[in-house]
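Dear colleague,

Please find below the structure I am handing over to you, together with its sequence. My findings follow directly after it.

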Amino acid sequence: MAEQLLDQIRDLFEGQIDFEGQKLVELLINVALSVVGTIALLVGYVLQDIKLAVYIGLIGTAAVFLLVVPPWPFYNRNPVKWLPVGGGFTAPANLVFDGKTVR
């Protein structure tokens with residue numbers, strides 16, 4: 001039972017996301033940080049308050065961090081199907097290299 005619990009915790013922190021998930025994370029980071037930066041700049045400019053602009057930027061960056069850093073399950077919707085270990089590959093019988101047959 002303890003081993004199963006440790007396996008679940010290990011899987012949670014392992015951070016497996018697929019290639020499509022990585023692409024989605026990159027898109028989310030670019031869009032979200034651009035939006036947060038724009039909002040912080042506009043609020044700071046309109047209210048003439050640099051401190052508020054910095055706080056909005058920091059809070060928005062922390063929110064984006066929480067959105068993209070943990071390996072959420074929707075980042076692993078297209079897992080890679082790997083080949084079985086040691087399965088299926090056979091070396092060719094006669095390999096010709098530079099005009100010489102190599103076994």
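A search of the whole structure, which is a predicted model, finds one aromatic pair. Its members are Phe74 and Tyr75, whose rings are tilted, with 4.5 Å from centre to centre and 55 degrees between the planes. Phe74 is partly exposed, at 31% relative accessibility, whereas Tyr75 is buried, with a relative accessible area of 1%.

Both residues belong to an annotated span. The unreviewed UniProt entry gives the annotation "transmembrane region" for residues 27–47 and 54–75. In the model, residues 27–47 are 100% helix and 0% strand, with the end C-alpha atoms 30 Å apart. Residues 54–75 are 68% helix and 0% strand, and their end C-alpha atoms also lie 30 Å apart.

Helix H3 comprises 19 residues, 50–68. From its first C-alpha to its last, H3 reaches 27 Å, close to the 27 Å expected at 1.5 Å a residue. At the N-terminal end, H3 is capped by Asp49, which has a side-chain oxygen 3.3 Å from the backbone nitrogen of Lys51.

Ala53, Gly57, Gly60, Val64 and Val68 are the buried residues of H3. They lie on the same side of the helix because they cover an arc of only 70 degrees around the axis. Helix H2 (19–47) is included in what covers them. The face of H3 turned away from this buried side carries the exposed residues Lys51, Leu58, Ile59, Phe65 and Leu66.

With kind regards

Notes
Residues numbered from 1 in each chain as written. Predicted model: local features only at pLDDT ≥ 70, side-chain atom pairs only at ≥ 80, totals over all residues. Heavy atoms only, no water. Phe/Tyr/Trp six-rings, centres within 6.5 Å; stacked < 30°, edge-to-face > 60°. Buried < 20%, exposed > 50% of the residue type's maximum accessible area, 1.4 Å probe, protein only. UniProt positions renumbered as here; feature names shortened; annotations may be inferred. Helix = DSSP H or I, 4+ residues; strand = E, 2+ residues; numbered from the N terminus. Expected span 1.5 Å × (residues − 1). Arc of directions from axis to C-beta. Contact = heavy atoms within 4.5 Å. Polar contact = N/O pair within 3.5 Å; in protein donor to acceptor, adjacent residues only side chain to side chain.
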